[in-house]
Amino acid sequence: NEYFSDGITEELLNALTRIDGLQVTSRTSAFAFKGKNDDVREIAAQLNVDKVLKGSVRKAGNRVRITAQLINGADGYHIWSESYDRDMTDIFEVQDEISVIIANKLREDMAAMKKKEKKEKTRSRNITAYTYFLKGRHFWNKLTPADCRKAIEYFELAIAIEPNYAQAYAMRAAAYSYLGSSGQMLPDRAFEIVQKDADKALELDSRSAEGHIARASAYLFYEWKWRKAYDELQQAIQLNPSAVEAFELLGFYHIIMGEKLKAVKVLEDAEQLDPMSPAIILSLGSMYMFADRYDDAIVQAGKLLDVYPKMRVAIELKAWATGSKGNWEGALKLFEDVHRLTGHPLKGLLGMGVVYGILGEREKALEIIRKIEQRQAEDPDTVLDGDLAGVWFGLGDYDKTFYYLNRCIDKRMGPVNYFLEYPIFRELKKDPRYEDLKRRIGVETIVV
């Protein structure tokens, strides 16, 4: 029942976020302490918060017991504690009840704090749909392609029962955006669903930050409507200042616009809001890479690897930073670890292929290309043109590099837009075909 406990926590986070004047640390930073016995005062110091809400959920049959304690971060003293025994059908009222009690307690310290009038219009009231939604969120938060597809299955079950479930539409849109922008699914198929689901979520609830983020992802990664992407992200942040997913996309928006310092600033601010978030730590590391701050990128990768030693994306970040500093032999060892951790002979090959080319090991690089082409043939729903462009670049064949980059654009493969700004591909900017690529994606027309 861990998914249910996690879901209650997220619902309380969302409820508290809707209280004027209250800043609430985001899900990932809070969840970093789940199941641990750290001193509350230390947790408060690490997250830079005044109060900590601590609790547990026990579920048996159709009954649930929720315990909650509001604790002062400075000295660890309890401000308030309560237990709730309810039928599952009352769970939504319990969530609202707990958030109101906490709000009232906090008003004693913050007189200006008050509950916002606008609440979510379409939060499910069907316990079965809600349970499916929580299971979907549980798998979504694992951030792997396989778990993402599992999450979609649960969001669809929730929507089938509750057709007006705005949150479920928004989260399904986010999941398909991930698949479409990462090459795990053909972009045109994925973003057709993203666009429809984002529109539906916002039709049902115009104040859904997740809906605006999903719509922004379609503008950013598929439609390439840059100004609209920026406006949607700003609206999402205004609705929910703790929606760190918006900051991630905003950082990549600034990279595409060539505004590297702004991108770094956005993600540094996001890390202040959510210091324990793996996604934010990783994204800030990527922004440091774009800004040629390779040592800082390695530090960010180290933060993740200290906690998640087998996190492939963190190892990749460290590898690119290591190579960009001139140590491509060291980078190759890291990329070999990435490939090994995929557990698949045809996956996780991009970094190895690029480095083989840079180190002059042409036959090994060509073998990587053959394997990537084999995977593309075996799984035609994937898009691997960006990987092929990278390996051919490592080999110094710019004709094939630009051929595959143009194929990415033909397929509306969104990440090509910031792929072009990655430091190791700086030599491409000296080729006149680079400007042709930029014109094809319309970046030169942007004024912000």
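**Entry 1: surface and charge**

I looked up the accessible surface of the protein first, and it comes to about 20300 Å². Carbon and sulfur atoms hold 48% of that area. Accessible areas here come from the Shrake-Rupley method with a 1.4 Å probe, and for residues only the protein chains shown count as cover.

I note that this is a predicted model, in which local features need pLDDT of at least 70 and side-chain atom pairs count only at pLDDT 80 or more, while totals for chains, interfaces and linings use all residues. Residues are numbered from 1 along each chain as its sequence is written, and side-chain values use heavy atoms, with hydrogens and water left out.

I then looked up the charges and found 64 positive and 68 negative side chains. The centres of the two sets lie 1 Å apart. Lys and Arg count as positive, Asp and Glu as negative, and His and the chain ends are not counted. I took the place of a charge as NZ of Lys, CZ of Arg, CG of Asp or CD of Glu.

**Entry 2: overall build**

How many helices and strands does the protein have? I find 22 helices and five strands. Helices (H or I, at least four residues) and strands (E, at least two) are DSSP runs, numbered from the N terminus.

The radius of gyration is 23 Å, close to the 22 Å that the globule rule gives for 448 residues, so the protein is as compact as a globular protein of that length. The radius is taken over C-alpha atoms, and the rule is 2.2 Å times the number of residues to the power 0.38. Along its principal axes the C-alpha trace spans about 65 × 45 × 45 Å.

I looked up burial next: 52% of the 448 residues count as buried. Buried means under 20% relative accessible area, exposed means over 50%, and partly exposed is in between (1.4 Å probe, protein chains only).

For contacts (heavy atoms within 4.5 Å), I took those between residues at least 6 apart in sequence. Of these, 58% join residues at least 24 apart.

**Entry 3: nonpolar cores**

A nonpolar core is a set of buried Ala, Val, Leu, Ile, Met, Phe, Trp, Tyr and Cys residues joined through side-chain atoms within 4.5 Å. Which members of the largest core touch the most other members? They are Phe 4, Ile 91, Tyr 130, Trp 226 and Leu 405, in a core of 140 residues. Apart from this core lies another, of five residues, including Leu 13, Ile 19, Leu 22 and Val 24.

Leaving out residues up to four places away in sequence, Phe 4 touches Val 57, Lys 59, Val 64, Met 88, Ile 91, Tyr 130 and Leu 134.

Tyr 176 sits in helix α7, residues 166-181. Is Tyr 176 buried or exposed? Tyr 176 is buried, because its relative accessible area is 11%, under the 20% limit. Beyond four places in sequence, Tyr 176 is in contact with Ile 152, Glu 156, Met 185, Ala 190, Ile 193 and Val 194. Tyr 176 and Ala 218 are 42 residues apart along the chain, and their C-alpha atoms are separated by 10.0 Å.

Tyr 404 is in helix α20. Tyr 404 counts as buried at 12% relative accessibility. Among its contacts beyond four places in sequence are Glu 373, Asp 385 and Trp 392.

**Entry 4: a strand end and a glycine**

Asn 72 belongs to strand β3, residues 63-72. Asn 72 is buried, with a relative accessible area of 19%. Not counting residues up to four places away, Asn 72 touches Asp 50, Lys 51, Tyr 77 and Ile 79.

I found Gly 386 in helix α19, residues 385-394.

**Entry 5: positive phi**

Most residues other than glycine have a negative phi. I looked up two with a positive value.

Asp 292 has a phi of about 65 degrees. Asp 292 lies in the loop between α13 (278-290) and α14 (294-307), and is partly exposed at 35% relative accessibility.

Arg 412 has a phi of about 55 degrees. Arg 412 lies in the loop between α20 (398-410) and α21 (416-419), and is partly exposed, with a relative accessible area of 27%.
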